[in-house]
Amino acid sequence: MTEPLWMGIDIARKGDDNCVITIRDTKGRVIYTDSWGKTDLMESTGIILQKIERFNIDPKNVNLDAVALGAGIYDRIREQKVYINGIIAGGDAMDKEHYINSRAEMYDNLRKRFEAGTISIPDDQDLIAQLSSIRFRIASDKKLQIVSKEEMERTYHSKSPDKADSLALAFYEPKIKNPQIRWL
């Protein structure tokens, strides 16, 4: 039996941004990355489904940025009966005591892995630059907050960290919610 893999997918929003897939193993090693741009939602959906099948990834280990354009891709993948995790970066963190939202939780998770030496990433200068450009602040309630992409673009003239977001999604392990169906 092969070890389970995890996939993180960041969906491009505009201009020079790219869709990015990152696949990692359970030992913390990134084993595959891919990026593409200038495709419509259905082609991006097909690329994602092809990668899930090619690498035999359990859909419960696939995290997709399900905001903006990602919402349409998420809906189409689920319509194909592939039940992946739609992650809303601005949504609730699993650890609500320490993080403003799931994006802060994801990036702090990466920070902890780097400090512990439990992550291995490719020697990709764009990825390294994007990771080092992420800024944070501590909110008045002492929760960690990552500076928004929009503020980073305005203040620091930085592009969207597509590769870094995909990496953060690949290392995020959300709690699986299994809703109970009650018959009235």
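This is a predicted model: local features need pLDDT of at least 70, side-chain atom pairs count only at pLDDT 80 or more; totals for chains, interfaces and linings use all residues.
Strand E2 (residues 19-24) and strand E3 pair in the antiparallel sense, over six bridges; two strands count as paired if DSSP finds at least two bridges between them. Strands (E, at least two residues) and helices (H or I, at least four) are DSSP runs, numbered from the N terminus. Within this pairing, Thr22 has Thr33 of E3 as its bridge partner.

Residues are numbered from 1 along each chain as its sequence is written, and side-chain values use heavy atoms, with hydrogens and water left out.

Let me turn to the whole sheet. Five strands form an open sheet in the order E3-E2-E1-E4-E5, with mixed pairing. Its edge strands, each pairing on one side only, are E3 (30-36) and E5 (85-87).

What are the partners of strand E1? E1 pairs with E2 in the antiparallel sense over five bridges, and Gly8 stands opposite Thr22 in E2. With E4, E1 pairs in the parallel sense over three bridges; here Met7 stands opposite Val62.

E1 is mostly covered, as five of its five residues are buried, meaning under 20% relative accessible area with a 1.4 Å probe, protein chains only. Trp6, Gly8 and Asp10 point one way, while Met7 and Ile9 point the other way. In a regular strand, side chains alternate between the two faces of the sheet.

Finally, helix H6 (residues 162-170) lies across E1 (6-10), E2, E3, E4 and E5.

Key: Contact means heavy atoms within 4.5 Å. Axes are lines fitted to C-alpha atoms, for helices over the stretch in contact, and angles run from 0 to 180 degrees between N-to-C directions. Buried means under 20% relative accessible area, exposed over 50%, partly exposed in between (1.4 Å probe, protein chains only).
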